[in-house]
Amino acid sequence: MAGLGTMTTGTTPHVVVIGGGIAGLAAAFFLRDEPVRVTLLEGSPRLGGKLYASEIAGVPMDEGAEALLARRPEGIALITATGLGGELVPAGVTSSAIYTRGAMRALPRRQFMGVPADIDELAATGIVSAGGVARARLESRVAGQPPDVSVTEYVGARLGDEIVDRLVDPLLGGVYAGRSEELSFEATLAPLAAAARQYPTLTEAVTSLLPTAADDSAPDNSNGPAAVFVSLTTGIGALPDAVAKASTADVRVNAMVRELTRTEAGWRLTVGSAADPEYLVADAVIVAVPAAPASRLLSRTVPAASAPLSEIPYASMAIITLAYRAEDFPDTRSSGYLVPAVDGRAVKAVTFSTVKWPHLTGHAPAHVVRCSIGRAGEVPLLQREDQDLASLAAAELADATGITAAPIAHRVTRWGGALPQYNVGHLDRVARIRAAVGEQPGLAVAGAAYDGIGIPACIATAQAAAQQVTGYLAGGATSPFGDAR
């Protein structure tokens, strides 16, 4: 079989990107105007990783991430650069609730990832008990900040465990599918951790992070509140193919990289099956796959990066999408709700998709709801059959909303090992990974395992990786391994 590439004997350096999720695709895109030849290899049959959309009940719906944070510029900038800027749409409704202690309760307006700024406002929501409110009022003024600890240890010590259990944990669970007693305060609540070093109380630190009235408005203060979340009219799942096309890279699917080794001239990649391998050589490589496969690829060449990569755990989850006849679903102006783990429910988060994204209602007379199931450690729950999970989600949705009608369609999307867990020590692990990778000429890493799992954060790692390898390639015409290119 012919190899996937030829030796880099010409004048154009060859960069290979391993992984066709949004990070890998973005890295290839950021290299398009550089004097390099780019090949992107994706092991699965399709591009996009956790970004994917399909129809349910006639409505195009994302099966993975459905939105991106508008206030981080990287996502919108990439979308615009790929020609999809005209498809951007803001969320029509962003207010959400907490379903806890037997009732739907409004999420406090003045809070940061569940950590409240206003204890009086918190008390009015009924999310925590009177005892929990009283405990939160006892926060002492503490200077400085301890070494990296869990969210539960830090926030619980300041404001009480009930604040963590019923407010912070469900918000973090919705993002990471993780547990507050394991997640790193510094890594998962970085802005708050930074503010906490400057203010004696957490409530004051949260207040410093909240937008003012002017911040909430559009630049000319005439067009109403600025968007917090945006999506695409076709779904975020349309983004990967657009980025791939705009990148102009040689993009290949069903091309699993099994081995990455150093050579005198650069790097050699072994692709495909052991029985019929193909080989590709490159001047630089960007590894944009999850931590476990990245660890395997770097195990022999960069063991100092492989070891901490292997220490990053991942959580699995499932998204159960339910469609109802529009007339059967209760009227709501909420974008959805979260459910604390302490309430013992399987569903941890619900999005009223056709309320949050009003443009979807034009596709079919249906109301679509996304139910998220699966927290770290809930393996037996996720092993249940699709129909069982759909029935469980519909039953818990009925308990929370009062809907009596049965869904007209359902879809279960399983994301095994999907979400990296930023547990205590994560920042140190990432620092060790980057230090070890940085010592290898022409090597960079990107993806959700490092600095944030949202789309803009992944794109930011891709841009940094592209800059890292182009900086190396621009350093001279001679390879550090001794051979002239």
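Ser353 lies in helix H13, which covers residues 353-356. In this predicted model, Ser353 has a relative accessible area of 0%, so it counts as buried. What surrounds it? Leaving aside neighbours within four places in sequence, Ser353 is in contact with Met61, Glu66, Leu360, Val368, Val369 and Arg370.

Now turn to the loop between helix H6 (161-176) and helix H7 (185-188), where Gly178 sits. Is Gly178 buried or exposed? Its relative accessibility is 2%, and the cut-off for buried is under 20%, so Gly178 is buried. Its contacts, apart from residues within four places in sequence, are Asp169, Leu172, Gly173, Leu183, Ala376 and Gln421. Gly178 and Ser316 are 138 residues apart in sequence. In space, their C-alpha atoms are 9.7 Å apart.

Ala177 belongs to the loop between H6 and H7 as well. Its phi is positive, about 60°, although Ala177 is not a glycine. With a relative accessible area of 0%, Ala177 is buried.

Met113 is another residue to look at for its backbone. Its phi is near 50°, a positive value in a residue other than glycine. Met113 is found in the loop between strand S9 (111-112) and strand S10 (115-116).

Next comes a sheet. Which strands build it, and in what order? There are 5 strands, in the order S12-S2-S1-S16-S22. The sheet is open, and its pairing is parallel. Strand S12 (250-252) and strand S22 (443-445) are the edge strands. Each of these two pairs on one side only. On average, neighbouring strands of this sheet are turned by 15° against each other, direction ignored.

Strand S2 (residues 37-41) and S12 run parallel and are joined by 3 bridges. Leu41 has Arg252 in S12 as its bridge partner.

Helix H1 is the next stop. It is mostly covered, with 8 of its 9 residues buried. These are Ile22, Ala23, Gly24, Leu25, Ala26, Ala27, Ala28 and Phe29. What do they pack against? Three of the partners are strands: strand S1 (14-18), S2 and strand S16 (284-287). The others are helix H2 (73-81), H10 and H17.

Two packed helices are described by the angle between their axes and the distance between the axes.

Start with helix H10 (residues 239-247). Its axis and that of H1 (residues 22-30) come within 8 Å and cross at roughly 25°. Why do H1 and H10 count as roughly parallel? Angles under 35 degrees fall in that class, so H1 and H10 are roughly parallel to each other. Their crossing is left-handed. From H1, the contact takes in Ile22, Leu25, Ala26, Ala28 and Phe29. From H10, it takes in Leu239, Pro240, Val243, Ala244, Ala246 and Ser247. By class, this contact has 10 nonpolar residues, 1 polar residue and no charged ones.

The other helix is H17 (residues 455-473). H1 and H17 pack at an angle of about 45°, and their axes are 8 Å apart. That angle makes H1 oblique to H17. Here the crossing is right-handed. H1 contributes Ile22, Ala23, Ala26, Ala27 and Phe30. H17 contributes Ile455, Cys458, Ile459, Thr461, Ala462, Gln463 and Ala466. Sorted by class, the contact of H1 with H17 has 10 nonpolar, 2 polar and no charged residues. Ile22 and Ala26 are listed in the contact with H10, and they are listed in the contact with H17 too.

The last stop is helix H12 (residues 303-310). Which of its residues are buried? They are Ala305, Ser306, Pro308 and Leu309. The buried residues of H12 pack against helix H11 (291-298) and helix H16 (426-438).

Note on methods
Residues numbered from 1 in each chain as written. Predicted model: local features only at pLDDT ≥ 70, side-chain atom pairs only at ≥ 80, totals over all residues. Heavy atoms only, no water. Axes fitted to C-alpha atoms, helices over the stretch in contact; angles between N-to-C directions. Helix = DSSP H or I, 4+ residues; strand = E, 2+ residues; numbered from the N terminus. Parallel < 35°, antiparallel > 145°, perpendicular 65-115°, else oblique. Left-handed = near helix turned anticlockwise from the far one by under 90°. Contact = heavy atoms within 4.5 Å. Nonpolar A, V, L, I, M, F, W, Y, C, P; charged D, E, K, R; others polar. Pairing = 2+ DSSP bridges. Buried < 20%, exposed > 50% of the residue type's maximum accessible area, 1.4 Å probe, protein only.
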